[in-house]
Amino acid sequence: MVGLNSLVITAEGVLGYFLFKSLGSIFKRLFWAGFFSTFLALFLSTLLALGIVALGTTDLSSAFGLGYKHPSKADKSLLKFESTEIEKHIEEPLPEFDFRKFLFLVLGFGFIGWTLEGLISGWILGYLHKVRPKIFEG
Amino acid sequence: MDLAYLDYLATSGKTLLHRSPAQLKILFSLVLIGVIIFTKKVLFLVIILSFLYLVVFLARLPFKKTFLISLYPLIFALIFAYASLGKGWEWFFVILLRVLGTATTMILLFSTTPFPCIFASLGKVFPEFLLTVFFMTYRSLFILFSIFEDIRTGFKLRAGFQIVHPKRSLFNLAKALGYLILKGMDDSQRFYEGLKLRGFQGKIAHQRRFCTWTKR
């Protein structure tokens, strides 16, 4: 979990750096370059985090046809040697996770956060440029 | 802010839990977290959480503050639990209790064990370089906290955050954070120069004197 969190945060920083570098030449005002690079970096890193959650909540073995397959009701008569415990396990419904609901909530709340963070980052960059422009050289 | 508070609790406490070896507490926390993660019964999780709150009480830690800090990770967990409602209400509470239990365990560890003791105990597992990085980050955080306190006072004197003037408030906050970045950069440079002058060669000797059963 710590490793995945580090991955998401690193991706956020690296994406922010490259986006700011490329957007800096497009936008005349530093504020907008800072705003859009922060907003997009946060949006993309949230997608990465959502991807990790999606992988963690998806049964990949069944998606790729790997691993043990539960026999269908038609095949049941052929498998008389199976114990009742295994049958009980088969009948147990797989847990559900509404990924669309999760996506909607995370992106909804995230949008407010990205906008605020983008605005603050843009103004911070403007302040730093005014006070110490040497940081932006090279 | 809370990190500094937890550090204060860890260094000022004198209970048996505060005096017990850091390695033992780390091991106990890891085992407990493992149990919490693999438990699927609400009742069992409630029992574990009750036990943790009993330990909080025995360690003479402020219950209200400890509980409030443990609620932070619940914000994200609530979204995850809400999306998992298809599995039933029991699962919803299992997710929340798991998060609450894990957070309380970690808070208990950090509020009864000073950070240098944790780093000294981790020395046997992690490389020296990584521990130095941890220690430097820990020191830097406290330096930044003290700078931030001054900035916060200045920010409040300049009307602080006003909901009726959101743009102006955010703009002032951005300027305060910009100043924090500049001050942090300057101080880290001074910190590095100070360490170099004292012969720092990328290695910090950890003091284990306060990390054992000995009296404080």
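How many residues does the contact take from chain A and from chain B?

## The A–B contact

The answer is 17 residues from chain A and 17 residues from chain B, where two residues are in contact if their C-beta atoms, placed from the backbone, lie within 7 Å. On chain A's side, the residues touching chain B split into 13 nonpolar, no polar and four charged. Here Ala, Val, Leu, Ile, Met, Phe, Trp, Tyr, Cys and Pro count as nonpolar, Asp, Glu, Lys and Arg as charged, and the others, Gly among them, as polar.

## Ground rules

This is a predicted model, so local features need pLDDT of at least 70 and side-chain atom pairs count only at pLDDT 80 or more, while totals for chains, interfaces and linings use all residues. Residues are numbered from 1 along each chain as its sequence is written, with chains lettered from A and ligands numbered from 1 in the order in which they are written.

## Chain B at a glance

Chain B has ten helices and zero strands; helices (H or I, at least four residues) and strands (E, at least two) are DSSP runs, numbered from the N terminus. Its C-alpha trace spans about 55 × 55 × 30 Å along the principal axes. Of the 216 residues in chain B, 23% are buried, meaning that 20 or more other C-beta atoms lie within 10 Å of the residue's own; exposed means 12 or fewer, and partly exposed is in between, with C-beta atoms placed from the backbone.

Look at contacts between residues at least 6 apart in the sequence of chain B, and 78% of them join residues at least 24 apart.

## The cores

A nonpolar core is a set of buried Ala, Val, Leu, Ile, Met, Phe, Trp, Tyr and Cys residues joined through C-beta atoms within 7 Å. The largest one has 20 residues, and Leu6(B), Leu45(B), Ile107(B), Leu108(B) and Phe110(B) touch the most other members. Elements giving two or more residues to this core are α1 (2-12), α3 (22-38), α4 (42-58) and α7 (89-112) of chain B. The largest share, nine residues, comes from α7(B).

Leaving aside residues up to four places away in sequence, Leu6(B) touches Ile107(B), Phe110(B) and Ser111(B). There's also a second, separate core of 16 residues, including Ala33(A), Phe39(A), Leu119(A) and Tyr127(A).
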